Amino acid sequence: MSNVTLYTYFRSSCSARLRIALHLKGIPFTPVFVNLLQNEQSSPSHKEINPSGLVPALIINHENPNPNHDPITITITQSMAALEYLDETFKSTGPPLLPSDPELRAQARTLANIIACDVQPVTNLKILKRVAPLGVDRAAWSKDLIVEGLEAYERTVRKSAGRFSVGDTVCVADICLIPAVWGAERVGVDLSLFPVVSGIVRNLEGEEAVRLGHWRNQPDTPVELRGE
């Protein structure tokens with residue numbers, strides 16, 4: 001038996017990755033809400049959990065095989081590492097997050113990292129706060145870079161797309177893509193520019209795990225934003 005805790009914020013795309021993955025694999029978890037706008041992520045108590053002062057943080061208490069010892073506690077503070085850990089550790093729980101074929105697995109990781117390395121960082125609140133004093137419109141700056149990242153995703157995904165990014169099964173690439181698209185929509189990116197991505201997104205929006213992980217449906221989502 002394992003007890004899972006997720007430190008999360010409703011708008012955080014990295015937190016959304018883990019919410020979706022946990023729901024997809026049917027792993028119950030307890031959310032702990034960290035309000036980024038109130039700078040709770042920078043508190044000493046949170047930095048004890050995640051030294052980067054970010055969300056998410058995934059904490060898993062595994063039952064110790066030795067009943068005379070305390071549970072084994074695993075703390076993972078990067079979403080990509082957490083996704084792979086969930087896939088490797090909860091093999092018998094829910095669908096796999098990575099394809100079994102090595103070439104397809106590399107493709108899934110490539111797509112996931114286009115989002116994780118090229119798109120998500122320019123939407124990070126910490127980065128946007130650093131950009132603002134430079135006198136640029138941070139939303140416009142972010143939007144241009146999101147578009148570039150989605151263009152790369154669109155070109156790359158063409159060779160593997162089915163209903164989803166790699167064939168017809170939701171994988172780690174999709175889990176990273178859909179929260180990034182939510183962020184892109186917030187800054188006015190026109191998704192019709194990316195027809196393959198748009199089709200994948202439509203299919204993902206029909207998945208229960210995606211609906212449950214959506215920022216609009218979280219307990220810490222302000223009431224006035226739930227109807228957006």
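Here is a short tour of the chain, from its overall build down to single residues.

This is a predicted model: local features need pLDDT of at least 70, side-chain atom pairs count only at pLDDT 80 or more, and totals for chains, interfaces and linings use all residues. Residues are numbered from 1 along each chain as its sequence is written, and side-chain values use heavy atoms, with hydrogens and water left out.

**Overall build**

- The chain's secondary structure comes to nine helices and four strands; helices (H or I, at least four residues) and strands (E, at least two) are DSSP runs, numbered from the N terminus.
- Starting at the N terminus, the elements run β-α-β-α-β-β-α-α-α-α-α-α-α.
- A compact globule with 228 residues would have a radius of gyration near 17 Å, and the chain agrees with that at 18 Å. That radius is taken over C-alpha atoms, and the globule rule is 2.2 Å times the number of residues to the power 0.38.
- Along its principal axes, the C-alpha trace spans about 60 × 45 × 30 Å.
- Of the 228 residues, 46% count as buried. Buried means under 20% relative accessible area, exposed means over 50%, and partly exposed is in between (1.4 Å probe, protein chains only).
- The accessible surface comes to about 11,500 Å², and 52% of it belongs to carbon and sulfur atoms. Those areas come from the Shrake-Rupley method with a 1.4 Å probe, and for residues only the protein chains shown count as cover.
- Take the contacts (heavy atoms within 4.5 Å) between residues at least 6 apart in sequence: 65% of them join residues at least 24 apart.

- In soluble globular proteins, nonpolar side chains tend to be buried together.
- Here the largest nonpolar core has 65 residues, and those with the most contacts inside it are Leu58, Leu150, Tyr153 and Leu177. Helix α7 (residues 172–186) gives the most to this core, with ten residues.
- A core of this kind is a set of buried Ala, Val, Leu, Ile, Met, Phe, Trp, Tyr and Cys residues joined through side-chain atoms within 4.5 Å.
- Leaving out residues up to four places away in sequence, Tyr153 touches Leu111, Ile114, Ile115, Ser165, Ala173, Asp174, Leu177 and Val197.
- Over in α3, the buried residues are Ser79, Ala82, Leu83, Tyr85, Leu86 and Asp87. They pack against α1, β3 (57–62), β4 (72–76) and α7.

**Salt bridges**

- Side chains of opposite charge can pair when their charged atoms come close.
- A search of the whole structure turns up two salt bridges, each being a side-chain nitrogen of Lys or Arg within 4 Å of a carboxyl oxygen of Asp or Glu.
- One joins the side chains of Arg109 and Glu84 (2.9 Å, N to O). This pair links distant parts of the chain, with Arg109 in helix α4 (residues 102–119) and Glu84 in helix α3 (residues 79–89), 25 residues apart.
- Arg109 counts as partly exposed at 32% relative accessibility, and Glu84 is also partly exposed, at 25%.
- Glu208 and Arg211 also meet through their side chains (2.7 Å, N to O). Both lie in helix α9 (residues 208–213), three residues apart, about one turn of the helix.
- Glu208 is partly exposed with a relative accessible area of 45%, and Arg211 is partly exposed with 40%.

**Aromatic rings**

- The whole structure has two aromatic pairs. Rings of Phe, Tyr and Trp (its six-membered ring) pair if their centres lie within 6.5 Å; planes under 30 degrees apart count as stacked, over 60 as edge-to-face and the rest as tilted.
- Phe10 and Trp215 have ring centres 6.4 Å apart and planes at 50°, so this pair is tilted.
- Phe10 sits in the loop between β1 (2–8) and α1 (13–25) and Trp215 in the segment after α9, so the pair ties together parts 205 residues apart in sequence.
- Phe10 and Trp215 are both buried, and ring pairs link Tyr9, Phe10 and Trp215 into a cluster.

- Asn35 is in the loop between β2 (30–33) and α2 (44–49) and counts as partly exposed at 24% relative accessibility.
- Not counting residues up to four places away in sequence, Asn35 touches Tyr9, Glu40 and Gln41.
- Ser142 is in helix α6 (residues 138–157) and counts as buried at 3% relative accessibility.
- With residues up to four places away in sequence set aside, Ser142 touches Val122, Thr123 and Leu128.
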